[in-house]
Amino acid sequence: RENIGMVLAERCDFDGAMEQFDLAKDIYTTNNGSCICSDVASAISCMGNVQYRRGELDIALSLYSKALYIYRTLGEDVGWSEGNVINVTSTLKIIGMAYSKRTDWESAMKCYEEAMD
């Protein structure tokens, strides 16, 4: 579902992409028995990307923040593997880009600086 969502997003079928990412999120949640897993965070982040492309920056930031919360929770719960660190860092960079697009330079810089730590 997530890959289908990516193709739909590239074709600018944003509603269809959101539907596929939401289905993927639900499947991952059911399969893992929890919404705290990297697959769920990835699907939520993809939903944020769609909203970013739509220009819905507040919605995108909210979705990215949810994904970041999941990635951080995984790092704290299961340990900071290289993959967990990369997921947190990448998400912080994406959040910084959304703040930059909103011309919220201070928030963008905070995200970029945190990503470098």
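The face of H6 turned away from its buried side carries Trp105, Glu106 and Met116, which are exposed. Exposed means over 50% relative accessible area, buried under 20%, and partly exposed in between, with a 1.4 Å probe and protein chains only. Helices (H or I, at least four residues) and strands (E, at least two) are DSSP runs, numbered from the N terminus.

The model is predicted: local features need pLDDT of at least 70, side-chain atom pairs count only at pLDDT 80 or more, and totals for chains, interfaces and linings use all residues. Residues are numbered from 1 along each chain as its sequence is written, and side-chain values use heavy atoms, with hydrogens and water left out.

Now the other face of H6. Ala108, Cys111 and Ala115 are buried there. They cover an arc of only 65 degrees around the axis, so they sit on the same side of H6. The arc is that of the directions from the helix axis to the C-beta atoms. Helix H5 (82–101) is included in what covers the buried residues of H6. Contact here means heavy atoms within 4.5 Å.

The term means a side-chain nitrogen of Lys or Arg within 4 Å of a carboxyl oxygen of Asp or Glu. Glu106 pairs with Lys110, and their closest N and O atoms are 3.6 Å apart. Both residues lie in H6 (residues 105–116), four residues apart, about one turn of the helix. Glu106 counts as exposed because its relative accessibility is 56%.

How many salt bridges are there by this rule? The count comes to seven. One of them joins Asp15 to Arg54, with the closest N and O atoms 2.3 Å apart. This pair links distant parts of the chain: Asp15 is in helix H2 (residues 14–32), Arg54 is in helix H3 (residues 38–54), and they are 39 residues apart. Asp15 has 57% relative accessibility, so Asp15 counts as exposed. Arg54 is partly exposed, at 32% relative accessible area.

Another salt bridge runs between Lys25 and Asp26, whose closest N and O atoms are 3.7 Å apart. Asp26 is partly exposed, with a relative accessible area of 37%. Asp22, Lys25 and Asp26 are linked in a network of salt bridges.
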